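Biologist: I'm new to reading sheets in a structure. Could you walk me through one?

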Amino acid sequence: LAVVLGVAACDGGDPATPAGGAATLPGPVPAGLALRPVPPGTPSAPVFTGTLTDGTGLAAADLWARRPVVLLFFSSWCTTCAERQSALSELARGLRDRVVFVGVVTEDEPAELDSYLRAHNAEFPVVVDTDGTISRSYAVREPGAVVLVAKGGALLRGWPGGLDASTLDTRIRELLLG
């Protein structure tokens, strides 16, 4: 029994609860969160609503009203995404509550997505973009893209091919965190 419980704890918890659901939403904003000012004239990020993996609704504007957001556009079948995901998941945990990571996934099967999230210890909310509307609104043509949205909803930067965790961490600190 101890082995079974230990394995369940390592792979993301209760297998009956889909990974990437409401339980991964951030807690309160830390007191004294220092953020860089948004450059004047920065465009607004496309506003979207979606459904998390567990069926919970999510409004992106509600998240970025209180803190910066990193959007990770990925799919379980994307090999580049898989190569980077564990390190990105670790970065998301390290910045949790200061910067919210939100996955946006298109063209994926629920079982494969859940396995992928658990295998890579992804503990952030994941929006299922069934018809690709969210991806199109950010001009994402294929998975692996990353977008930084400042507190308040300013669209700071995007990387169509994505970034490794170390580079993303540097960019977050340069563009978002004070």
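Modeller: Start with what pairing means: two strands count as paired if DSSP finds at least two bridges between them. Keep in mind that this is a predicted model. Take Leu-72, which stands opposite Gly-103 in S4. Strand S3 (residues 69-74) and strand S4 (residues 100-105) pair in the parallel sense, over six bridges.

Biologist: In what order do the seven strands of the open sheet come?

Modeller: Read across, the order is S2-S1-S5-S4-S3-S6-S7, and the pairing is mixed. At the edges sit strand S2 (57-59) and strand S7 (155-159), each pairing on one side only. From one strand to the next, the twist averages 30°.

Biologist: Which helix packs on the sheet?

Modeller: That's helix H6 (residues 165-175), which touches S3, S4, strand S6 (146-149) and S7. The direction of H6 makes about 20° with that of S6.

Biologist: And how do I read the S2 side? In which sense do S1 and S2 run?

Modeller: Strand S1 (residues 49-52) and S2 run antiparallel, joined by three bridges. Thr-49 stands opposite Ala-59 in S2. The hairpin of S1 and S2 has four residues between the strands, and Gly-55 takes a positive phi near 95° there.

Biologist: What does S1 do with strand S5?

Modeller: S1 pairs with S5 (residues 126-128) in the antiparallel sense, over two bridges. Here Leu-52 has Val-127 of S5 as its bridge partner.

Biologist: Where do side chains point in a regular strand?

Modeller: As a general idea, they alternate between the two faces of the sheet.

Notes. Residues are numbered from 1 along each chain as its sequence is written. This is a predicted model: local features need pLDDT of at least 70, side-chain atom pairs count only at pLDDT 80 or more; totals for chains, interfaces and linings use all residues. Side-chain values use heavy atoms; hydrogens and water are left out. Axes are lines fitted to C-alpha atoms, for helices over the stretch in contact, and angles run from 0 to 180 degrees between N-to-C directions. Contact means heavy atoms within 4.5 Å.
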